[in-house]
Amino acid sequence: MSYCWGAGACGQLGLGEAAAGGPVRCRRGPEPGGGWTLLEAACGERHTLLLRPDGTVCSCGANARGQLGRKLRPGQRGGYTPEQIQALEAQIIVHVSCGKEHSLAVCNRGKVFSWGAGSEGQLGTGEFKEQSLIPKKIDGLSTLRIIQVTCGHFHSVALAQDGRVFSWGQNTHGQLGLGQEIPSQPSPQHVTSLSGIPVAQVAAGGGHTFALSLSGVVYGWGRNNARQLGLSHANTREQVFKPYAVAALTTIGVVYISCGDEHTAVLTQDGSVFTFGDDSAGQLGHRSSTQMPGPQKVEWLDGPVSHLACGSYHTLVYMSTPGQVISFGRGPQRHIENGTANNPGEQTQNFDISSLVSANDLSGVQVKMIFAGTYVNFVSTLQSQDLEHARGISPADTLQKISRLDRTLIDKWMAVTVGTDESQEAKREIAVIFSSPACLSASFLKPSSALEANCIGVDLQKARDVFDELTKNEWIVNQINYYLMADLIPGLPLRSPHREALSIFLLLPECSVMYKEQNLEPFVMRLAQAINSMSDRSSNILEKCWMSLSASFLDTVVQMFKKAVVSQLPFYATPRCRDTKPLLEVLEKLYRANRKANYTLQLSNFYIDEISGTFILPTDVGRWRSWQATANSCHEDDVPVIFCRFPFVFNLLSKTQVFHFDSIFMQEGAKVEAQVILKQNELLRKGELPEFPVFPLQVKRSNLVEDTLRKLSLVEDSVLKKQLLVQFEGELRGLDAGGVTLEFFLYLFEEMVNPQYGMFVYCDPASPMWFPTSPSVEKKKYFLFGILCGLSLFNRIIAFIPFPLAIFKKLLDKKPSLEDLKELSPVVGKSLQAVLDYEYDDIEENLQIHYCVSWDNKEVDLIPDGSSIAVNNKNKKDFVNKYVDYVFNKSVEVIYEEFKRGFYKVLDREILRFFQPQELMEVAIGNANYDWNKFEKNAVYWGMYTPSHPTIKMFWKVFHELTLAQKKGFLLFLTGSDRIPVMGMDCIKIKFNPHMTMSEDHIPEAQTCYHILILPQYSTTEKLREKLLLAIENNRGFGKN
């Protein structure tokens, strides 16, 4: 049974020419003894479509533009009684909508039919036709299954089952959502700004449009002259040309939207109603003389609202608990029909539906749905047998939804037998969902309550589990593979400004088919190309989404792209290697997101270990240097993949190898250049010699430091990047395989870092060294010391310089922290930590600290007049930060800059940035991660010596009984350093060499450059221990090698 009321002069109520001042039963239908059972009513300005449960559509009202879809009898001005539209009788219609003077209908196969006024293109037939009297299928939507349509005055919008939204008709106010420069459209156009968004509903007003996502996000566009889009007060645009997320509605749980001519009402999950836009007829229901901007709750509604509908100038709501339908606004407009006005203040029409008929007729009757038009309203009711079924149903529940995965569908697919009709249907369902970013995202949406604290709107764990389940079935895997590659990845939303549209980029890495070896190229590489093609805005949003991921899910994304990179390594030397670049570029974006998220993942998660120790690294260094030399003149597409441009994929071994290859190439390059010049001069019979291709440094052992600094100050900059060859005056020249140079740095640095030399200060004997605030040596020495540090690194020498980690942070432009001060001065560092940890309010009285500190025997104000400014709970963090800044920066600025200038005279700043501070520290000075068992395991034996030889067995027994200091002393004796290289103990292979002419009265000898131990044969363990300790105690002095 149905009821209607309102204006009826054109027959739009189906009651003849009569109006209805209150709800009356709709006129009986054409079937004998029947009454109207209404499924939907759609109302234009002066016409109505009535949809019945059997799929037939009747129309009534004005027909000046053919909007009734049927011919009238001669002499009729309108259709005063509802009659079926014959042109649609072969269709089962499931949904109808009306514009001002045009109509749309959707059949059960998802096809759309249009008729009526078409001068603005609102019929979607491909032409601007004045009118169409007979319903015609919209060919532009024929390949789609449409589940919803909605009409504005002169435009139309459709939602497809695959989640895509289409619009057509007038675009004067941007109501099509296609952009500012787009004219009115006579055929359906894809609203690409909504791509990827799981849309739940589309709604249109006079000249404005809304889309509601399944997550509850409301997007509005079109006319905004009366603020009918609900935008913030600061956004005063009268027209919005593309979908815009309405921030004020994001967190209130919107489940349904209805639009009037220039106003909008939304229904929330808890039954509240919010309205916004034009209130000239009281259609917002705010009952206030001052209209507040933006969406406002209709506070006076007493109870949760079940249903909501907007007419052009009024709003209709139904509250199921009291059984009341309430309208506010211009209402039924009796004064317009009769030419007389009612009481202007009487804007609310409140009636109890049970008072319309006798108790016997409406016993147990409850409203099913409400519909509103320009000046008309329709209500459908439920009989008593339907009450239980209808309880809790809202207008949102009656809307068809886009396709998505659920438990029922999954179980159905898993149970299907291949080759049956059911399997064909399942394949069609898979095709829709796995071709559509919106449908796949809709399948894993989190509850709206979980969205506020986390920007990730999809349940990634659920997705992971479902994908794992589905991919156990081979035929399902094949279907998923096909549609991911053919449709979904090519159709990814690359320019969406909306966060929830980009959820698909988080879901895809959870699909296990992406990791199969055969899918890495077609899937992961194409995904990488898509991500790199995103607009800057979309890319930034995706980066923020990655930042919000937990470690487990972020690592899944990283490992997927890493695996694809590894699959391309065999093609590094071929043109195909260029395909690796997009993958590395995406990894770079992920690395940046991880850094901004304060390192959710450890840096090692990004390392591609397979690169280490391969031919790739030396080749890559060459490519990198060549690219740097020609970067301005070559096109990026012509540049091969260069891993050095993405150094975050290098583990520490790879970084060290790259650094060493680079320095070797420079050193060897100088030699090759000299040879070429020499050959050229010989051919030209010139007597000129090329520049010396190495850096010879001859120094006095007796005055090592001062002589070195004096000669270093005379060297040209270009010489510093050549191989350093050290010779001591008065000593025989010989082949230096690195031993002399190593010991040169060992003793040089040992003297220069000694507190008595005066260049550096130590807070206590066990602490690292630091620059003094008032140096006792000339500034130039710090510059030269920086050069020496650079030279040792450049020549691959491990020399222990007791700097703290802070120096390497500063060299890499990273700020030292309180933790660094704890390393430099444990006493001061712990004191400052205690200040930060102090939680009581009496900090000023109890601690009595001021912005005046004592450092390096000086009293210093950290800020002007610091001695009179007390530290309290509000400023203690600032105090600690200023203290740390003073120690590491301000107090040593001049001499540190000199040191830094010298350091980078030798070394390339760019390649050092490959390293983290801790890594650079280990490369420069080694570490103390001793593994003596590995040291024994890696030993190499020559001649008669084997692991089972008596002398060898005695040696290892004695060695393992030594103290740590003695073992370090032996390492210094053997290698020239007691530090472990960054690559670990594997780099130190002791080689035992027997000496046939040496008796057991001789002590062992060592060739440091080759790590060779010349070990005589000893008869007893005691004898071996005696001679070995003697060698350790006398491990200083040049000439061991």
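**Salt bridges and cores in a predicted model**

Lys957 and Glu961 join their side chains in a salt bridge, with N and O 2.9 Å apart. Both sit in helix 28 (residues 950-961), 4 residues apart, or about one turn of the helix. Lys957 is partly exposed, with a relative accessible area of 46%, and Glu961 is partly exposed, also at 46%. In another part of this predicted model, salt bridges with shared partners link Arg46, Arg65, Glu101 and Glu130 into one network.

A search of the whole structure turns up 38 salt bridges. One of them pairs Glu636 with Arg645, whose closest N and O atoms are 3.0 Å apart. Glu636 counts as partly exposed at 32% relative accessibility, and Arg645 as partly exposed at 23%. Then there is the pair Glu691 and Lys722, at 2.6 Å from N to O. Glu691 is in the loop between helix 15 (652-683) and strand 29 (694-699), and Lys722 in the loop between helix 16 (704-712) and strand 30 (723-728), so this pair ties together parts 31 residues apart in sequence. Lys722 is buried, at 7% relative accessible area.

Arg70 is another buried charged side chain to look at, with a relative accessible area of 8%. Arg70 lies in the loop between strand 5 (57-62) and strand 6 (78-84), and a polar atom of its side chain is 2.6 Å from the backbone oxygen of Ser59.

As for the nonpolar side, the largest core has 213 residues, and Phe434 is among those with the most contacts inside it. Helix 18 (residues 780-794) gives the most to this core, with 10 residues. A second, separate core of 29 residues includes Ile952 and Phe992.

Notes. Residues numbered from 1 in each chain as written. Predicted model: local features only at pLDDT ≥ 70, side-chain atom pairs only at ≥ 80, totals over all residues. Heavy atoms only, no water. Core = buried A, V, L, I, M, F, W, Y, C linked by side-chain atoms within 4.5 Å. Buried < 20%, exposed > 50% of the residue type's maximum accessible area, 1.4 Å probe, protein only. Helix = DSSP H or I, 4+ residues; strand = E, 2+ residues; numbered from the N terminus. Polar contact = N/O pair within 3.5 Å; in protein donor to acceptor, adjacent residues only side chain to side chain. Salt bridge = Lys/Arg side-chain N within 4 Å of Asp/Glu carboxyl O.
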